Amino acid sequence: MRTILITGPGGGGRTTVAAATALAAARDGTRTLVLSADRTDTLGAALDTVTGPVPREVAPRLTAWRPDAAERFREDLTAFQARASTAFDLLGASRLDPEELTPLPGAEELALLRALRDAALAESHDLLVVDLPPIPQALALLALPEELRRYLRRLLPAERQAARALRPVLGRLAGVPMPAEWLYETAARWDLELAAVEAVVADRDTVVRLVAEPGPAGADSVRAATLALALRGLRPDVLVAGRVLPEAAAEGWLAGPVAQQRKVLAEWRESYDVRPVAHLGHDPRGADDLAALDVPGVDGTTSTVEWTVADRLAEDGVLVWHLPLPGAIRDELDLVRRGDELVVTAGRFRRIVPLPSALRRCTVAGAALREGELRVRFAPDPDLWPRTR
């Protein structure tokens, strides 16, 4: 199944483009599911129909789904309280009733991740179009599965489960109850679910598509999004330039906006596969308006970028890890080695990356940023590197 993750600046028309992309694919004969996590039904407004927590067919071969974050949050917390009843009784804590539970910030994003996982595992459609939140929230959403899995591994490492038979004895010796079996089982289940979402995002059949209106604000957002995606080993397959004014309007009071869009489009074309989408003169609504947008279709491109390790041992005595980071600024880059991980900071974005196995037996010997690519040099550690005769 192909997956298209669509995001862009708030108000840039990303939901409209997502709806138009899904509708065009369905009309071409592709079984398509379009997902959105907006509390307000902006997806339904674009499709000129109502979408909600129950997937429904809104056009031939097109299904729309807007998961109910509040209901999933209540179900999860109620189930957690039931499993942790012994701990709550020990602490003297009272349980919350389902009707008094309201979603916490981020519940919509978590509901969207689950829906993304469920849709991918169901294999009921050939194409999944996901209307992600605006760029800042979308970037945090894409990073969430990897980061949560790392937290789980640190807080409840799997190797501790091997000592499950000793927990009652350890509990008596320590004088405090040890973590119950259900806690490790829950952590393992969460890790499995997060791994499924992470696999969908990292799949070569998944692409990230940016939508922005050509202008100063849109250019800044696209630049930041490109760097943040690159830090996660991703790149946009195309850049959809939305609400592009016609050249015929380059007179009168529209001359300035048209010239501004023309300049930004020229700059974007130097680095991206830009697909302009014309301004219709009104907010698109319904199948006819969406078809008139002429959005880019689905092709065989991928958004995944390989971080390769080059063997320069014979020439320079080092291994070089190549990390493409277009748009990165040298003074805003920072690297920290933590055991078998490398903490990479690029501007206001950060990622903790596990080192490839060969590099774990090396020490960091330096780094350089050249032509939008960070090259980190690793020298073999004599105490860990295999010796040769």
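This is a predicted model: local features need pLDDT of at least 70, side-chain atom pairs count only at pLDDT 80 or more; totals for chains, interfaces and linings use all residues.
Local features need pLDDT of at least 70 and side-chain atom pairs count only at pLDDT 80 or more, while totals for chains, interfaces and linings use all residues. Residues are numbered from 1 along each chain as its sequence is written, and side-chain values use heavy atoms, with hydrogens and water left out.

View 1. Helices (H or I, at least four residues) and strands (E, at least two) are DSSP runs, numbered from the N terminus. Thr-51 counts as buried because its relative accessibility is 3% (buried is under 20% relative accessible area, exposed over 50%, partly exposed in between; 1.4 Å probe, protein chains only). Its side chain forms a polar contact of 2.5 Å with that of Asp-41 (N or O atoms within 3.5 Å, one able to donate a hydrogen and the other to accept it; residues adjacent in sequence count only if both atoms are side-chain atoms). Beyond neighbours within four places in sequence, the contacts of Thr-51 include Leu-43, Gly-44, Ala-64 and Arg-66 (heavy atoms within 4.5 Å).

**View 2. Trp-190 in helix 8 (residues 181-202).** Trp-190 is partly exposed, at 36% relative accessible area. Its C-alpha lies 9.1 Å from that of Leu-148, a residue 42 positions away in sequence.

**View 3. Contact of helix 6 with helix 9.** Ile-135, Leu-139 and Leu-142 of helix 6 meet Ser-221, Ala-225, Ala-228 and Leu-229 of helix 9.
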